[in-house]
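Please open the model in your viewer and keep the sequence panel beside it.

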Amino acid sequence: MATDELIEVKFRLADGTDIGPSKYSSITTVGSLKEKVISQWPKDKENGPKTINDMKLINAGKILENNKTLAESRSPVSEIGGIITMLVVVRPPMAEKNSGRLPEKEQLFLHNPLKFIRRSQTTFQDFSD
């Protein structure tokens with residue numbers, strides 16, 4: 001197992017700005033890193049994450065799991081100048097609780113495209129003379 005070394009990490013936001021860099025213990029979990037991002041989120045930016053489940057951390061093209069440690073999530077490819085840069089991807093907020101639900105037709109198409117096509121053909125035939 002890796003020794004408890006300090007690893008320098010910065011978090012790149014979608015607009016290209018960074019949080020950090022700061023040093024973290026190699027045994028720090030990804031979930032703890034996400035909590036740090038939430039606490040350090042710039043106040044002038046809208047739609048910041050509210051919980052650790054509202055965001056993903058990506059390192060060297062890999063989505064990191066909350067229960068993994070920083071040491072387990074390291075990739076030598078991502079360490080430029082001794083600093084790991086992690087991309088922060090925030091899930092967009094829902095306007096209303098039910099607004100994330102697709103209309104019935106779109107749901108049918110996504111879950112059963114053949115049934116959607118058959119139903120659409122029937123509908124079109126009903127209108128033809």
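**The whole chain**

Begin with everything selected: of the 129 residues of the chain, 25% count as buried, where buried means under 20% relative accessible area, exposed means over 50% and partly exposed lies in between, with a 1.4 Å probe and protein chains only. This is a predicted model, in which local features need pLDDT of at least 70 and side-chain atom pairs count only at pLDDT 80 or more, while totals for chains, interfaces and linings use all residues. Residues are numbered from 1 along each chain as its sequence is written, and side-chain values use heavy atoms, with hydrogens and water left out.

Now switch to a cartoon view, which shows four helices and six strands; these are DSSP runs numbered from the N terminus, a helix being H or I with at least four residues and a strand being E with at least two. Followed from the N terminus, the elements run β-β-α-β-β-α-β-β-α-α.

**The strands**

Select strand β1 together with strand β6 (residues 83-90), which pair in the parallel sense over five bridges; two strands count as paired if DSSP finds at least two bridges between them. Within this pairing, E8 has I83 in β6 as its bridge partner.

**The aromatic pair**

Show the side chains of F11 and Y24, whose ring centres are 6.2 Å apart and whose planes stand at 65°, so the pair is edge-to-face. Rings of Phe, Tyr and Trp (its six-membered ring) pair if their centres lie within 6.5 Å, and planes under 30 degrees apart count as stacked, over 60 as edge-to-face and the rest as tilted. Because F11 lies in strand β1 (residues 6-12) and Y24 in strand β2 (residues 18-25), the pair ties together parts that are 13 residues apart in sequence. F11 is buried, with a relative accessible area of 1%, and Y24 is buried as well, at 7%.

**The core**

Which residues touch the most other members of the largest nonpolar core? Among its 17 residues, they are V9, F11, L57, M86 and V88; such a core is a set of buried Ala, Val, Leu, Ile, Met, Phe, Trp, Tyr and Cys residues joined through side-chain atoms within 4.5 Å. β1, β2, α1 (30-40), β3 and β6 each supply at least two residues of this core.

Finally, select L57, whose contacts (heavy atoms within 4.5 Å) include F11, M86 and V88, not counting residues up to four places away in sequence.
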